[in-house]
Amino acid sequence: MYKIVNKSVERIDVYEKVTGKAKYGADLNCGSQLYAKTVYSRYPHAKILKIDTKEAEGLEGVIMVITAKDVPGNNIMFGKFPVLAQNEVKYIGDGVAVVAAESKEIAEKAAKLVRVEYEELPGVFDLEEAKVENSKRVHSEIENNFIEHSHHLLRSGDVEKGFKEAEVILERTYRTQFVDQAYIEPEAVIVLPDPYKIGVEIHGSIQNPYTIRENVATVLGLKINQVRVIQSTIGGSFGGKDESVMLMAARCAVIALKTGRPVKMVLTREESFLESSKRHPFQANYKIGAKKDGSIVAVENKVYVQGGAYNNKASFANWRASIHAAGPYTIPHIKTDIYGLYTHTIYGGAYRGFSAPQMVFATESLIDELAEELKMSPQEIRLKNCLKPGDEMGTGQILLPGKIPAPLEKMIREICRKTDFESKRKKYIQEREGFNPLKKGIGLSCTFRGAGLGGEGIDTASATVTIDIDGSILIQSGLVEMGQGMRTAHAQIVAEVLGVSLDRITFGNTDTAVTMDSGATVASRGILAGGNAMLIAATELLQRLHQQASIMLNCNIENLISENEFIFNKSKPDKKLTFEEVVKECLKGQGLSLSAQGWYNPGPEKLSPETGRGKAYPTYSYGTAVAELRVDVQTGKINVEKITAAYEIGKAINPQIAKSQFYGGILQGVGYAIMEEMRTKDGYLKTKNFDDFLIPSSADMPEMEVTIYESDDPVGPFGAKSVGELGIELIAPALANALYNATGKRIRELPLNLERVLLGKTLKK
Amino acid sequence: MVTKKIELNIKVNNKDYKLLVSPNKRLLDVLREDLGLNGVKEGCGIGECGACTIVMNGKNICSCMVLAGQAEGAEIITIEGLTGPEGELHPLQEAFMETGAVQCGFCTPGMILSSLVLLRNNPSPTKEEIRAAISGNFCRCTGYQQIIEAVQLAAEKMRKGGVKVNG
């Protein structure tokens, strides 16, 4: 039995957060700091004829105005994002100049005094336009609007043969929208010139410090080791505090180096909505074939993903989409193709779930449509086709107990029983015809999710653990705490391994000068990869402590146990050494090091580029949800009444925190399903703040009932795997399916807002 | 172009202040910049998200929607004022810690202060009353479930006569 792992201990950073002591990016201040403000484009696509900064520079208190020509190194960053647009603006959020002033009020005033002359150009504003051959191009250096390296595929079996065998074939198209991550803290950074050498130090709400470090270094024309990035407390990110923060850090760093003064930039909500990444909109064209007994024989799709003006995520997101495109089902013949496209609009990036929520909306709506066609129940068709132990996935991976579990069948049965799914579903169908305009509906969905990055990229992570002379332990991960609870889970892993109390552990914020490049904190890899790195570092230190203790106790090292703050020989447990005694002897008696770096490398997953087949992910997590709603068919208003969900996550390092992740994911799923949409018209962003971009409040959220399934999964630390993103992706299809159950109307486009529910289409286009 | 500053007398967290501020400065900025109370957060600037919630004259309000001049003579509580003189935590703070009601923490100060006003007026709120009372405070992390549990737990702690700090 574990002492600390698998227990719902309090978060180690919660005291600072309930007392208002935790400092977020906007709370950081530095003597003599300047305030920077970006001047944004006025058009979605235009030639820049002239930028006149004289008037702004003349304002008292303005120290500097920079444009693209002031960037000392490379103006173009990862994903073609320009620090500042040069010659041409490609979307409405492009920055053209940055002013730096003695106060934020002066900076705001000066930004309005920068005069930019444009020549407006026609643009490509949606997927249909972008797809057309010989269409206007967003980037002239490529031949069309297809984003480089963004075409991903999966080929399994022979779909033509499969569709010949099929007795029922359906073809459907599903569409999803741009949505913002809508973290409550807008982005903030402060960049300090390094006081001791040429370089900069960047603090702020930064999800991916290593990406920022590398990009800012090239912008400044410096080496990577001349840029140091330290995260502040982060007020939520969900994938979003990445590109926008990279732009802010680069702009401020240019000014900091030129002026020798610290530079602070805090986005307003409007700027955050304008400039930060969004969830990619998908147009998913599906064809599915099945036998009359419900067994699915073939799935084929072509999916188009709106990337926006610049993009550094579609090539990764589309890979995940290609693997998950046929859902958690055993299907002999699969052909998937996912393409990303540039448009002169706000751009797609990472948002919790990455490309899965879009794909799961499509596939889990589709399977309900197929069930309807076959006169089967949604439960029955899923039970018939879901991945079971011993099955081969579309990628060719085999699910085996003790290796990759396949618990969906049991989970689907249990959730349907618990929610009384079948009898409610039948009852609500009968009630569709009644006079009461309030209709009830119930909907089911299920999913699987590849844990970590898998074949998407290198999945390595680092951790440092240092024990000091007083027995205190400093842990620092190369991955970032954003509120998800990672640092608490990491602390639990270290305390469990060393057999000490959590009170000894302090967590250092991620600092690129301390921990090695761990890549990005994405793909629900904080526990799987980051936790394994902690486990490796802590185990290394335990070895060193035990080495010394075996000499002190004169016993064989194999017989030693660390538990409850003591190290002792299990065959002579009466003679115990305290943890501190052994630490002191190591450090002061013997001069040993009690600092270790953990480096976890799961090894590259091997996939064939021609077929997409191979070992896509080391393991998978699973989920299933039932949504219950009430819809007013006279107004189109949906009330979500209850969400019941179950998730298989290996082992919960902290069950309370794991549940928190699911509750939050469900909230974002509800928003995605029925409320949220970043609307653009001809490239202009129409949704500017929270009065327009509505997100769920406490009054919109239903009661949630979440069950965690545990399993033996050998990949992660103590059997733990991915948690963070599973919660969100089940909700939109479960609600769309529930809406169908209530009304008999199938809506294939998100969000399920009043107009779509009432009229079947939106009026806002 | 310099606006004439006004004298502002306010009581914040039981301490009296006499400040010289621009009359059109937002109360949010007075608290953050002039008094260094960084527990007051800014999330949207238009009174929608509730991150800047404070208690002013017994009511929970968005401090981004109040100008300094409008706060003359006001009595204000921010999250920094909830902790007792010896650092003892308010039952709401304890409850938020115990139930897992905090993730990123950015909405937490405002959420706790809206809950404080609720519990002062209604010591035994139902779940629905709690939902209504915090509906002006957005949280993107928690789905509100553990926050509602926290407010219920705090109410219970306060009813049982637990430590009463500024409550």
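User: Which elements of chain A do the buried residues of α3(A) pack against?

Analyst: This is a predicted model, so every answer here describes a prediction. Helix α3 of chain A covers residues 104–113, and its buried residues are A:Ile106, A:Ala107, A:Ala110 and A:Ala111. Seen down the helix axis, these residues fall within an arc of 140°, so they line one face of α3(A). The elements that the buried residues of α3(A) pack against are β1 (34–40), α2 (54–58), β3 (62–66) and β5 (95–101) of chain A.

User: Is A:Ala491 buried or exposed?

Analyst: A:Ala491 has its place in helix α14 of chain A, which runs over residues 486–498. Leaving aside residues up to four places away in sequence, A:Ala491 touches A:Ile12, A:Ile475, A:Leu502, A:Ile505 and A:Phe507. A residue counts as buried if 20 or more other C-beta atoms lie within 10 Å of its own. Because A:Ala491 has 25 other C-beta atoms within 10 Å, it is buried.

User: What separates the C-alpha atoms of A:Ala491 and A:Gln476?

Analyst: Along the chain, A:Ala491 and A:Gln476 are 15 residues apart.

User: Are α10(A) and α11(A) roughly parallel or roughly perpendicular?

Analyst: Helix α10 of chain A (residues 356–374) packs with helix α11 of chain A (residues 378–385), and their axes are 9 Å apart at an angle of about 110°. Angles of 65 to 115 degrees count as roughly perpendicular. The angle therefore makes the arrangement of α10(A) to α11(A) roughly perpendicular.

User: How many nonpolar residues are there in the contact of α10(A) with α11(A)?

Analyst: From α10(A), the residues A:Ile367, A:Asp368, A:Leu370, A:Ala371 and A:Leu374 take part, and they meet A:Pro378, A:Ile381 and A:Arg382 of α11(A). Divided by class, the residues of this contact include 2 charged and no polar ones, while the number of nonpolar residues is 6.

User: How far apart do the C-alpha centres of domain 2 and domain 3 of chain A lie?

Analyst: The domain assignment of chain A gives domain 1 (25–121 + 184–273), domain 2 (278–454 + 608–759) and domain 3 (460–600). In the contact between the last two, 19 residues of domain 2 of chain A meet 16 residues of domain 3 of chain A. By class, the side belonging to domain 2 of chain A has 10 nonpolar, 7 polar and 2 charged residues. The distance between the C-alpha centres of domain 2 and domain 3 of chain A is 38 Å.

User: Which element gives the largest share of the side of domain 1 of chain B that touches domain 2 of chain B?

Analyst: Chain B is divided into domain 1 (6–81) and domain 2 (91–159), and the C-alpha centres of these two domains of chain B lie 21 Å apart. Across their contact, 14 residues of domain 1 of chain B meet 12 residues of domain 2 of chain B. The elements that give two or more residues to the domain 1 side are β3 (53–56) and β4 (59–62) of chain B. The largest share, 3 residues, comes from β3(B).

User: Which element gives the largest share of the side of chain B that touches chain A?

Analyst: Between the chains, 40 residues of chain B are in contact with 44 residues of chain A. On the side of chain B, two or more residues are given by each of α2 (91–99), α3 (108–121), α4 (127–133) and α5 (145–159) of chain B. By class, that side has 18 nonpolar, 15 polar and 7 charged residues. Its largest share, 4 residues, comes from α2(B).

How values were computed:
Residues numbered from 1 in each chain as written. Chains lettered and ligands numbered in written order. Predicted model: local features only at pLDDT ≥ 70, side-chain atom pairs only at ≥ 80, totals over all residues. Contact = placed C-beta atoms within 7 Å. Nonpolar A, V, L, I, M, F, W, Y, C, P; charged D, E, K, R; others polar. Axes fitted to C-alpha atoms, helices over the stretch in contact; angles between N-to-C directions. Parallel < 35°, antiparallel > 145°, perpendicular 65-115°, else oblique. Domains from an automatic or database assignment. Buried ≥ 20, exposed ≤ 12 C-beta atoms within 10 Å, placed from the backbone. Arc of directions from axis to C-beta.
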